[in-house]
Amino acid sequence: MFHFSFKSLLGVVMMFVIFSGNISAQDGAKLFKQNCAVCHSSHTSQKITGPGLAGVFDRAPKGDWINKWILNSEKTIKSGDAYANKIFAENNKSAMTVFEGQLTPKDIESIIGFIKGPAPVVAGPAGATKGPEGEGEAVKPGIDPLFFTLGLVVILAILITTFRSVRMSMQNNANRVEGKPENPDVTFFEEAKGWISGHRRLVGVLCIVIGFMGMKSCWDACFDIGVYYDWETQKGYHPSQPIKFSHKIHAGDNEIACQYCHNTVEKSRHAGIPSVNVCMNCHKGITKTANAGSEKEIGKIYAAAGFDVASGKYDDSKTNPLTWLKVHNLPDHVYFNHSQHVVVGKLDCANCHGDVKKMTTVEQRAPLTMKWCIECHRKTEVAMEGNAYYDRLHKALKEKYKGHYDVKFTVDKIGGLECAKCHY
Amino acid sequence: MSMSKKYWRGLSELNESPEFLKQHQTEFAEPLPIDEFLNGEEEKSGTSRRDFLKVMGFSTAAVALAACETPVNKAIPYVVKPEEVTPGVANFYASTFYDGHDYASVLVKTREGRPVKIEGNELSKVSYGATSARVQASILSLYDGARLVGPVVKGSYSTWKNADEIVGKAIGSGNTVILTSSIISPTTKAVVAEFTAKHPNTKHVTYDAVSYSALNAANKNVFGKAVVSSYNFNKAKTIVGIACDFLGTWLNPIEFANQYSKTRKVSKENPVMSKHYHFEANMSLTGANADYRYMVKPSEYGKAVTALYNEVASATGNAKVSGDTKLSNPESEKAILKVAKELVENKGNSLVVSGANDEGVQTLVNGINKMLDNYGKTVDHVNHFNLKQANDKEFVDLVADMNAGKVSVLMTCNCNPVYTSPASLKFGDAYKKVGTKISFSQVLDETSTMADVVCPDNHYLESWNDANPRAGHFSLQQPTINPIFSAPRYEGTRQFQDSLLAWSGVRSNYYTYLQAYWQNHVFPQQGKYLDFASFWAHTLHDGVLKVNIAKEIPVVVMAKDSAGMPIMSGVASLNAIDTAKTEVAQPTTNIVPEILPTPDYNKAASMATSVKGGAFELAVYEKIGLGNGNQSNNPWLMELPDPISKVTWDNYITMAPADVKAMGLNEMLRQDIIGTVATLSVNGVTVNVPVLPQPGQMPGTIGLALGYGRNAKNLKVADGVGVNAFWFLNISNDTIQFGSPSVTITKTEETHKFSATQIQHTIMGREEAILREVSLKEFKEKEKEEWNPATMMQTHEGKVPIAEVDLWKDYPRMNHKWGLSIDMTSCIGCAACVVACGVENNVATVGKLEISRTRDMYWLRIDRYYSSDMNKEKGAEEKVAYKQIYLDMETPSNNPKVTFQPIMCQHCNHAPCETVCPVLATSHSGEGLNMMTYNRCIGTRYCANNCPFKVRRFNWFNYNANPLFANVNPAQQELGRMVLNPDVVVRSRGVMEKCSMCQQRIQAGKLEAKKAMAPVVDGAIKTACQQACPTNAIMFGDVNDENSEIAKWRANERNYFLLEDLGVKPTVSYLVKVRNQEEPVLREEGNKTEEKHEEKTEEKHA
């Protein structure tokens, strides 16, 4: 909870100092994200579609030129404004969206306020955006622990053998000097055996410890190959994905709606894994964040999309689809339709997927067993009011349960437990 | 979104060691000594019970271990998702099916970019949203593993550059002939013209394997133009067919079946239907549906037509023709008089059609229709078909030219003459004499195997094209998938037109060329859209275009700009705008050529009657499944039971049962399926073919189906199945005759086991419970109770309708109550539904052997019943021995009446299968459907035993993985698997399956309604069988919805349920078949005896 680093603490204090009493900068950040971030970087000079906005207030003509430009850039260009035409030409003559009617002057003011302010600390370990559970640990670069351990073992083994032979020869030397008989030339194993029989209790405890450690590592290894916490239900399955994509950063900290990426959830049986071009909508500009290793991970998107950051161009011949690991697996003999549950049943994603907004690595929270489906179907009421499809059924049900006290028209009452509703 | 996973269960599998591969396919590690065990010989064999248990124990453990998989599922999203693709949601694209044989405007259902189903395009006025078995099955040829993946030069794969070089050199060297089947694409014709313009020594010859040359010639004789007329069966009150299978295979059967059924939608309010007379030698699908069918020898078709001509001529005051009109079947001769009388009575509303490829016959038929004033009404030679353009003489001349060495380059496209030409023509030998042989075949078939260069064409689902099937009707073909075989993985296929354009030096691809051609020549014919872009977009969306004034599309070379690109210059026609506004009815009779030739009917008659028949005449026919054989590598069509004989995976001689008996061949009485093999020889060609006794076959004639006997190693499904009937085609009067007037048949000692899905032929006196029929006269005159009586049950309160008696409590169907009804009057048994059902529901094909063990997997079958001469009453009258009555009842009549009855799961509301399932794997839904849960099923098969309709199918093998079925089951091939419907589970070994009434479509339709917050619209949900049906004989809907079509069908007095006396309360109902015949179908006697019987039981109860 209180693991605030000095830097982040400073950030919070700074922000507090600068923006106290200026709530519009918070709105500005949000508005910028919604309207501008696809084409502009707010605090760097990196060019996305439009130029980076660092230092824009020094470059651009003073006065309310910027406000006019934002509201209707086309008009400004047509008016023959020299600077407007210059940057229009500089940016391959791609016109900026006209925001007249979409943004109020006050909105623009707050956006400008945001741009003028200090660079926001992008989601990551920085305190300002850090979740209370501190889940979003950064990726530490370094040696793979396995190689590290193996290396240690090898070094230890070499040391032990060396020390043993040194000790033996020294002891024998001493014995020779003292006139005692030399130690018998026992092998390492014989000696070890002797030592073990002398330290049975210690060896026993060690064995148990090593045994447990072995079991633990097997257990952990099982996760990677898909043997799960709950072997019956796969609940808790959280495979490592080809990109260390964090739902927490995207859906949680940045409040991107689930449907933005999983955009077929209301149309299809599949919620849909976003295609790489959806990632590129934002990541064309966001090349790195404050998180360590973010550049490498975001780079994987560019590699998949065939995008060259330096030139800002796509090369269709270099695309390379990403292979994600499916977390929520239903057997082939089940037909499940997302749109049925999201559109008709009006269920929230979190109902089945848990609080994804807090998950760095997505894991399966619901057991996804038939029992679980049925339990939910037994207790979930069907929203029949206002949906003309259900009118006839609703009438018939009311007739059937006339006089019953407190009857709920749950999914099972309209055939939600029938086999062929999901198996065909 | 595609997923793939690969696991291995041990190093041996990873390395694919031979031991593993062997073990992997067998259930047990070593063969179980079951026989010895059961014989009590374990002592002797040295295998003790202990060993047995050990083996069992080991295999149990092995199975448990094998199940320990690590299900890491992968998901690979698009890099850039195409806008129109939503994973999990199907897209439909309008396109056109035309393979040189059948035409249909279709919608292609694609899932995640791969076509998975073909459905009819309801906007089409040529195919009316209907499909046929062959059209439905055509999707599988896209995923045929035999398809070539690149150009083949001298038998091995090469590059396009190399192929183009060889062709380029060859076409400069001498005479080039492009041999194609009928081309109905105006743009393709223009492309051929481009090629001809570039290489002036080129000739285009059209050759149809199943030729309609005589029809073209006859129309030239009578109307001065060699075209094939179109027909309006829906306007005909009397239809006469002479050897013309217009419901199954002739010309454009999809449209004809649709039109024909429109004349047969009979109800109490509108008790009118067409009357159909049919004359033929083989029992065809059309003959089986005729109200009256007469048997005529093929050599006498001409005589029958001449007789009919003379009768009509004398009744209408026209001149008679001279010719022999004596028929060997007196019944047919008598019928001609009756038919002629009726035709003349319905002058202007009648139709005579013949399928004989004989100029004389067809000229006379034209003459009859002309005398009957049918032109412009039921026959239309102005808005003619373009489907069949071949002139047989050109083909015969071509072979002569080839033999004479006059052809240096021969390009064959969409035809396979080495396989389909008559043996007497010796095309193969002539082909060898051609300098450079170029084929555009998609597979290595008989012709392309011999070709020097094979430039594989794209599949029709991968191609752009257009079609002009009938004057004034256009349709577009668009690719629904990128060419499967394309760079960089393969050298790739290339569309025929693109190849020709490349060789003509036109610097445009075919798509651009097509658009340009449409802008210049089709766009100006319409006035609805003023700019070409929206015209193109809308036409592509609809798939079809009908213009009001049909002009010939010129076959011209297009003007090109300096870059070699075609110039687009067409503008919308202002004339057409006016007509479009006023919606003028299509002028049909107005445009009559000014000067008509004077047809010489006497010459035609002498030509038609000149054929002399021998002891046995051969009539070669097309099967519903295989047609001309261009799709014979398709296991769905190979396994499709012939609608008449019900035999699968075979062709055979059909012979009249009397002839079979006389020759001492196996009569295959009752349920015997072993036939005798006979030697058939015609003009020196001799083959051994099994003989199948076929009721309705004219004695003295035999039939043999086309499309079998393929001789191409790559066509794994078709190679070596049956014999090639094309050999026996006969050329006379410059036309290809489908048969031979004189053949010899000799018996051999060999026998052949047939695989048939139905081995019973007659209904055995159970008409009332299963197959209710009535004549139109009785239907009109008698009360419903007499021809469709309610099934009664004897209770202690007296007789009550069975519908009121119930052993079980009824459950309310509060929301939907699905129902399906089948109009047996409309059903023609064409089997489009059977194939559609299989495609939609991933039904496995099982191969010949399994079918002979009655293990076919069809969820929907069509039962075919022949009438029998014997019945109980007749037997009692004639004092036939009791047992003999039943034996005779099993034997069909010589020329039986035929009834088709599609049977699928009847979804009984009191289902007998449900009560016997020990694990509740089959249960009933609140919407009235019988549900089958595969994962619960343990395979006891009690349900199948208890099913009164025998519609349950058991998976005896894992058809999708077992190597026994590798060739017959497309699901086993990497590519073939693509055709599976992703919404339906692929069943595994040991489970029962059956019709789900397309549960996936019902659920999808309900979901659409729920999302739209509106009730389900009647007709929005269609089952696959209903969708495919060309005659609208199947109706599905919500019976609870009072305004639905199905509710109306249920209220129809013809409605009845199968085996209603069992009290199982089926969800599927049938509408009584009405036959337009004078003779009563009902037997007064039968009802009386039954009543007597019932009285007796009453007495007993008393």
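Domain bounds here come from an automatic or database domain assignment.

View 1. Chain B is divided into domain 1 (11-66), domain 2 (152-210 + 391-582), domain 3 (213-385), domain 4 (607-756) and domain 5 (790-860 + 904-1071). This is a predicted model, so local features need pLDDT of at least 70 and side-chain atom pairs count only at pLDDT 80 or more, while totals for chains, interfaces and linings use all residues. Residues are numbered from 1 along each chain as its sequence is written, and chains are lettered from A and ligands numbered from 1 in the order in which they are written. Counting DSSP runs from the N terminus (helices: H or I, at least four residues; strands: E, at least two), chain B comes out with 38 helices and 44 strands. Of its 1102 residues, 53% are buried, meaning 20 or more other C-beta atoms lie within 10 Å of the residue's own; 12 or fewer makes a residue exposed, anything in between partly exposed, and the C-beta atoms are placed from the backbone.

**View 2. Domain 2 of chain B next to domain 3 of chain B.** Their C-alpha centres sit 34 Å apart. Seven residues of domain 2 and six of domain 3 make the contact, where a contact means C-beta atoms, placed from the backbone, within 7 Å. On the domain 2 side, that's three nonpolar, two polar and two charged residues. For those classes, Ala, Val, Leu, Ile, Met, Phe, Trp, Tyr, Cys and Pro are nonpolar, Asp, Glu, Lys and Arg are charged, and the others, Gly among them, are polar.

**View 3. Where chain B meets chain A.** Here 42 residues of chain B touch 48 residues of chain A. On the chain B side, β1 (74-75) and α35 (999-1012) are the elements giving two or more residues, and α35(B) gives the most, with six. Sorted by class, the chain B side has 23 nonpolar, 13 polar and six charged residues.

**View 4. A strand pair across the two chains.** β3 (residues 324-325) of chain A runs antiparallel to β1(B), the two being joined by two bridges; strands pair if DSSP finds at least two bridges between them. Zoom in on W324(A), and its bridge partner in β1(B) is A75(B).

**View 5. T360(A) in its loop.** T360(A) lies between α16 (350-353) and α17 (370-379) of chain A. T360(A) counts as partly exposed because it has 18 C-beta neighbours inside 10 Å. Its C-alpha is 39 Å from that of N92(A), a residue 268 positions away along the chain.

Key: Contact = placed C-beta atoms within 7 Å.
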